[in-house]
Amino acid sequence: MDDDVKKVKKPGLVSPFKRVFLKGEKGRDKKAQEKATERRALHTFSLSQPDHRIDPDILLNDYIEKEVKYLGQLTSVPGYLNPSSRTEVLQLIDNARRSHQLAGQLTSEQDAVVSLSAYNIKLVWRDGEDIILRVPIHDIAAVSYIRDDSLHLVVLKTAQESGGSPCPSSCPDLNKSQTLSSLSESGGVLVEVCCLLVLAVDNKAAAEELCLLLSQVFQIVYTESTIDFLDRAIFDGATTPIRHLSLCSDDSSSKVDIKEAFEADINTFPFQDSVEAEGNSPLASTPTSPQTKPASEGELSTTAAELLQDYMTTLRTKLSSQEIQQFATLLREYRNGASIHEFCINLRQLYGDSRKFLLLGLRAFIPEKDSQHFENFLETIGVKDGRGIITDSFGRYRRTASSASDSTTNGNGAAGGSEDSAASDEGQETSEGDEWDRMITDISNDIEALGCSMDQEAVTP
Amino acid sequence: MCECLTSSLTTVDLSRMLMENMNSSADSTSPASMALYTVMYPVFNQLEKDDTSSAAQTLKAAFIKAEKHSPGLTQQILLKIMQKENIQVNYHECLLRMASEEFEALMIDRKEPEFQSLNKKAHALKRVLSTIPDEILDKVRFLQTIKDIAGAIKELLDTVNAIFKMPQYQNKRAMEQKKEFVKCSKNFSDTLKVYFKDGKVVNVFASANRLTHQTSMILLAFKSNA
């Protein structure tokens with residue numbers, strides 16, 4: 001026994017190959033260790049236990065990062081895959097690993113960072129921070145946690161075209177294949193397909209944490225979207241015009257009504273009063289009594305003012321003061337000759353994904369000659385079809401292209417009428433066009449003033 | 001026949017009372033009168049079935065008259081009764097659950113399809129609003145309920161707008177009432193946003209009650225022009 005205790009390992013001859021091998025391994029370990037110490041700290045927050053709750057503001061206005069291993073992404077997976085079926089999912093993953101579509105062995109080479117916010121999941125390599133992919137939240141159908149022996153897999157079922165941004169309006173004839181759920185032919189039968197994003201984490205706790213975080217994101221996003229859906233329904237119903245506000249309607253009586261409506265209501269436009277009054281919120285102001293006029297015309301005349309008032313009210317609740325000023329600038333640029341295409345793109349950027357439904361409210365203010373492009377644009381960004389998290393099943397009307405002259409101007413008051421216009425209608429249409437221009441110019445001024453007044457309110461203690 | 005006449009007279013009285021209140025009330029969004037037509041009317045109807053004398057009808061007429069002269073009186077009486085009897089229920093929740101009941105006094109009695117459609121859309125909205133107390137605690141189901149409410153609001157407004165398009169149905173009061181309804185709907189949406197932060201269900205119930213009341217007022221507004 002004592003001999004055993006006293007026994008000391010004699011340093012023996014070490015095979016040169018072993019020496020080199022060990023040296024290499026040690027070098028790699030050393031490098032890995034160095035790499036680990038070089039890696040930046042993750043942007044993370046402490047989560048309340050046991051449900052890993054996070055402040056929703058962090059997901060809305062910030063982000064949280066978690067370390068994962070990225071095994072890969074499987075595409076053209078049948079859409080009917082049941083994400084809660086362990087057998088089905090593992091079968092796919094095993095096949096993919098056998099065919100080297102997914103990483104087999106887990107090493108530091110798969111180290112990645114998942115960045116989570118209410119808008120998207122972003123995956124970047126841990127070293128180098130190169131982006132792997134980005135998946136908008138509304139493209140995620142399901143999240144699964146599968147424990148396979150020592151492997152803790154988190155699998156995200158996503159849309160096939162994940163991470164795609166809306167098609168710009170330069171391609172109005174959007175190919176239906178660029179929808180969320182792509183279709184692929186399989187034996188002559190169209191089958192919906194999806195993607196599987198396969199991640200691995202260290203342990204069960206990490207997997208549960210990631211799943212719960214995603215669950216909270218879904219709650220926030222779907223709640224916000226549901227409320228937005230409600231707002232859209234109210235806005236749409238509130239602002240549906242009695243007649244088209246376009247001045248190129250073939251119905252001459254409606255032209256007269258609209259003209260009188262603008263003349264009658266220009267003095268009662270509430271925002272002029274509300275901007276002048278100190279400390280008065282435009283929302284609190286109410287329009288003055290409409291001028292006395294025959295009942296039918298009076299009722300129609302409230303429609304234009306209603307629409308404008310409703311839209312202004314909505315802008316105030318949805319946009320910041322700076323954004324309102326930007327909106328006013330874009331509107332002015334459009335009125336001064338910028339193309340409808342540019343106007344649409346800039347507005348879309350301004351509103352972002354969560355507020356793109358605001359574009360619907362602009363329908364009444366787009367001149368007839370640009371209305372087709374505008375309608376196509378709405379369709380491409382999914383406002384019309386109701387793409388996104390919640391499908392809008394209302395259906396939107398299309399304005400028919402009118403063969404009558406287009407007296408609506410878009411420029412420095414120059415008439416942009418069609419050459420087919422009848423000479424006898426020109427005078428009336430030009431004056432109606434002027435009226436329209438004046439109305440829109442007033443709106444632009446009021447919007448800018450609204451933005452300034454909001455700034456003043458913010459500054460005033 | 002006498003009973004039917006009396007019953008229909010009180011129905012007319014209720015409509016008239018509500019319309020007059022709608023015209024004169026500074027705060028037309030107040031659903032105080034809901035206590036009368038939502039809670040008391042079913043009680044009176046039950047009493048009338050059981051009571052062979054005209055006492056129930058007299059009581060009904062008295063309540064209508066009192067409510068007309070003092071809007072909100074019925075609600076106060078109800079709350080006092082509940083307090084005295086130590087009835088532990090939430091008044092707003094109960095009111096909302098009962099909101100889907102149909103009352104002749106609050107329906108448009110015109111036969112034209114557009115008005116019948118309006119009756120149906122209004123009732124559909126009130127019905128889905130009345131399910132809020134059952135759904136609100138289950139987040140997923142509540143989100144679906146909100147979507148259903150959104151759809152019902154849109155359909156109601158579309159129907160109203162379709163009626164406004166017809167020159168023979170131009171109705172200034174109805175247009176004003178539509179504006180009130182839209183305002184109330186927006187208020188409901190804002191209340192929901194606050195609810196998802198603070199979790200106070202009673203505010204949602206109260207806001208939903210105001211919305212059901214405004215829905216009834218839209219019907220009355222068209223009824224008054226019939």
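**Entry 1: the interface.** I first looked up A:Asp231, which forms a salt bridge with B:Lys193, the closest N and O atoms being 3.2 Å apart. I took a salt bridge to be a side-chain nitrogen of Lys or Arg within 4 Å of a carboxyl oxygen of Asp or Glu. Side chains of opposite charge can pair when their charged atoms come close. Between chain B and chain A I counted two salt bridges.

I note that this is a predicted model, in which local features need pLDDT of at least 70 and side-chain atom pairs count only at pLDDT 80 or more, while totals for chains, interfaces and linings use all residues. Residues are numbered from 1 along each chain as its sequence is written, chains are lettered from A and ligands numbered from 1 in the order in which they are written, and side-chain values use heavy atoms, with hydrogens and water left out.

I found four residue pairs in polar contact across the interface of chain B and chain A, both residues at pLDDT 80 or more. A polar contact is a pair of N or O atoms within 3.5 Å; within protein, one must be able to donate a hydrogen and the other to accept it, and residues adjacent in sequence count only if both atoms are side-chain atoms.

On the side of chain B that touches chain A, the elements giving two or more residues are helix 8 (139–164) and helix 9 (172–198) of chain B. Helix 8 of chain B gives the most, with 13 residues. I took helices (H or I, at least four residues) and strands (E, at least two) as DSSP runs, numbered from the N terminus.

The contact (heavy atoms within 4.5 Å) takes 28 residues from chain B and 24 residues from chain A. The area buried between the two chains is about 2,400 Å², and carbon and sulfur atoms give 69% of that area. In chain B, the residues that lose the most area to chain A are B:Lys154, B:Met175 and B:Lys186, together 21% of what that side buries. Buried area is the accessible area (1.4 Å probe) that two parts lose on being put together, summed over both.

**Entry 2: helix packing in chain A.** I found helix 9 (residues 321–335) and helix 10 (residues 340–351) of chain A packed at an angle of about 175°, with their axes 10 Å apart. These two helices of chain A are therefore roughly antiparallel (over 145 degrees).

**Entry 3: salt bridges overall.** In one of them, A:Glu65 pairs with A:Arg40, the closest N and O atoms being 2.7 Å apart. This pair links distant parts of the chain, 25 residues apart: A:Glu65 lies in strand 1 (residues 64–78) of chain A, and A:Arg40 in the loop between helix 2 (16–38) and helix 3 (56–61) of chain A.

Note on methods:
Axes are lines fitted to C-alpha atoms, for helices over the stretch in contact, and angles run from 0 to 180 degrees between N-to-C directions. Angles under 35 degrees count as roughly parallel, over 145 as roughly antiparallel, 65 to 115 as roughly perpendicular and the rest as oblique.
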